[in-house]
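Hi there,

Here is the structure I promised to send over. Please have a look at it first, and then read on for what turned up in it.

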Amino acid sequence: MQVIENASIVCRSIGEKDIYIVQNENTGECITLQNLQGIELELGMEGRIVYNNLTEAQLLSFEPVMEEEMA
């Protein structure tokens with residue numbers, strides 16, 4: 001299990017497989033995650049991502065950043 005504390009949703013593809021591209025705001029690295037949990041995310045959302053890093057990385061959970069933390 002992997003965690004990105006400061007992640008942003010930069011791209012998504014909704015269809016047969018829900019795919020999200022997530023950017024680690026600390027390193028600038030982007031990763032592609034399958035959303036098998038049915039978690040609804042919008043472009044630009046920021047928060048903490050938990051995912052497993054198998055052959056195809058899968059999104060496990062997303063905790064949005066509270067507005068007070070962003071100020």
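Two strands pair if DSSP finds at least two bridges between them. Strands themselves are DSSP runs (E, at least two residues), as helices are (H or I, at least four), and both are numbered from the N terminus.

Before the rest, a word on the source. This is a predicted model, in which local features need pLDDT of at least 70 and side-chain atom pairs count only at pLDDT 80 or more, while totals for chains, interfaces and linings use all residues. Residues are numbered from 1 along each chain as its sequence is written, and side-chain values use heavy atoms, with hydrogens and water left out.

The overall picture

The protein has 5 strands and 1 helix, in the order β-β-β-β-β-α along the sequence. Its C-alpha trace spans about 35 × 20 × 20 Å along the principal axes. The radius of gyration (taken over C-alpha atoms) is 11 Å. That agrees with a compact globule of 71 residues, which would come out near 11 Å by the rule of 2.2 Å times the number of residues to the power 0.38.

Of the 71 residues, 28% are buried, where buried means under 20% relative accessible area, exposed over 50%, and partly exposed in between (1.4 Å probe, protein chains only). The protein exposes about 4800 Å², and carbon and sulfur atoms supply 46% of that area; the areas come from the Shrake-Rupley method with a 1.4 Å probe. Taking contacts (heavy atoms within 4.5 Å) between residues at least 6 apart in sequence, 35% join residues at least 24 apart.

How the strands pair

S1 (residues 2-13) runs antiparallel to S2, with 6 bridges between them, and a hairpin of 5 residues links the two. S2 in turn pairs with S3 (residues 30-34) in the antiparallel sense, over 5 bridges. In the S2 and S3 hairpin, 5 residues lie between the strands, and Gly28 takes a positive phi near 85°.

S2 (residues 19-24) has two faces: Tyr20, Val22 and Asn24 are on the covered one, and Ile19, Ile21 and Gln23 are on the uncovered one.

S1 also pairs with S4, again antiparallel, over 5 bridges, and Ser8 has Glu46 as its bridge partner there. S4 (residues 46-52) is mostly covered, with 5 of its 7 residues buried. S4 is joined to S5 (residues 58-64) by 6 bridges in an antiparallel arrangement, one of the facing pairs being Tyr51 and Leu59. The hairpin of S4 and S5 has 5 residues between the strands.

The cysteines

How many disulfides does a search of the whole structure find? It finds 0, a disulfide being a pair of cysteine sulfur atoms within 2.5 Å. For Cys11, the nearest cysteine sulfur is that of Cys30, 9.5 Å away, and Cys30 likewise is in no disulfide. Both count as partly exposed: Cys11 has a relative accessible area of 36%, and Cys30 is at 44%.

Best wishes
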